[in-house]
Amino acid sequence: NPIIPGAVLLSETVLAIVPGVDAPLVVTSAKFPHPARPGDRVVIEVSRSGGSEIRFSCSVEGKSVLIGQMSCPALPTAP
């Protein structure tokens with residue numbers, strides 16, 4: 001009954017959110033409430049909380065598998 005490692009899920013999520021940013025990203029929090037499994041369709045939701053803060057959540061069939069926040073000083077400030 002394999003699961004996707006949290007580090008892989010987090011890495012792929014960051015790559016999907018901020019493609020092509022050539023600046024340091026800092027993950028300030030990450031929680032994995034439920035496991036994701038190979039073959040699962042992961043839905044990523046993103047919101048900017050102003051400044052360089054980005055909140056994200058990933059879910060599989062409505063169940064959260066990753067919830068977190070990161071910052072990237074190179075991103076422009078959200079309006």
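How many helices and strands does the secondary structure of this chain come to? It comes to 1 helix and 4 strands. Helices here are DSSP runs of H or I with at least four residues, strands are E runs with at least two, and both are numbered from the N terminus. Along the sequence, the pattern reads α-β-β-β-β.

Ground rules first. This is a predicted model, where local features need pLDDT of at least 70, side-chain atom pairs count only at pLDDT 80 or more, and totals for chains, interfaces and linings use all residues. Residues are numbered from 1 along each chain as its sequence is written, and side-chain values use heavy atoms, with hydrogens and water left out.

Now burial. Buried means under 20% relative accessible area, exposed over 50%, and partly exposed in between, using a 1.4 Å probe and protein chains only. Buried residues make up 25% of the 79 residues in the chain.

Next, contacts, meaning heavy atoms within 4.5 Å. Take those with a separation of 6 or more: 61% of them join residues 24 or more positions apart.

On to helix H1, residues 6-17. Its 12 residues should span 16 Å at 1.5 Å a residue, and the end C-alpha atoms are 16 Å apart, so the two agree. The expected span is 1.5 Å times one less than the number of residues. Which residues of H1 are buried? Leu 9, Leu 10, Thr 13, Val 14 and Ile 17. They cover an arc of only 130° around the axis, so they sit on the same side of H1. That arc is taken from the directions from the helix axis to the C-beta atoms. The face turned away carries exposed Ala 7 and Leu 15. The buried residues of H1 pack against S1 (26-31), S2, S3 and S4.

Then the core. A nonpolar core is a set of buried Ala, Val, Leu, Ile, Met, Phe, Trp, Tyr and Cys residues joined through side-chain atoms within 4.5 Å. The largest one has 13 residues, and Ile 17, Phe 56, Val 65, Leu 66 and Met 70 have the most contacts inside it. H1, S3 and S4 (63-71) each give two or more residues to this core. Beyond four places in sequence, Leu 66 contacts residues including Leu 9, Ala 30 and Phe 56.

Val 46 lies in S2, residues 43-48. With a relative accessible area of 46%, Val 46 is partly exposed. The C-alpha atoms of Val 46 and Ile 17 are 7.5 Å apart. Ser 59 lies in S3, residues 53-60. At 17% relative accessibility, Ser 59 counts as buried.
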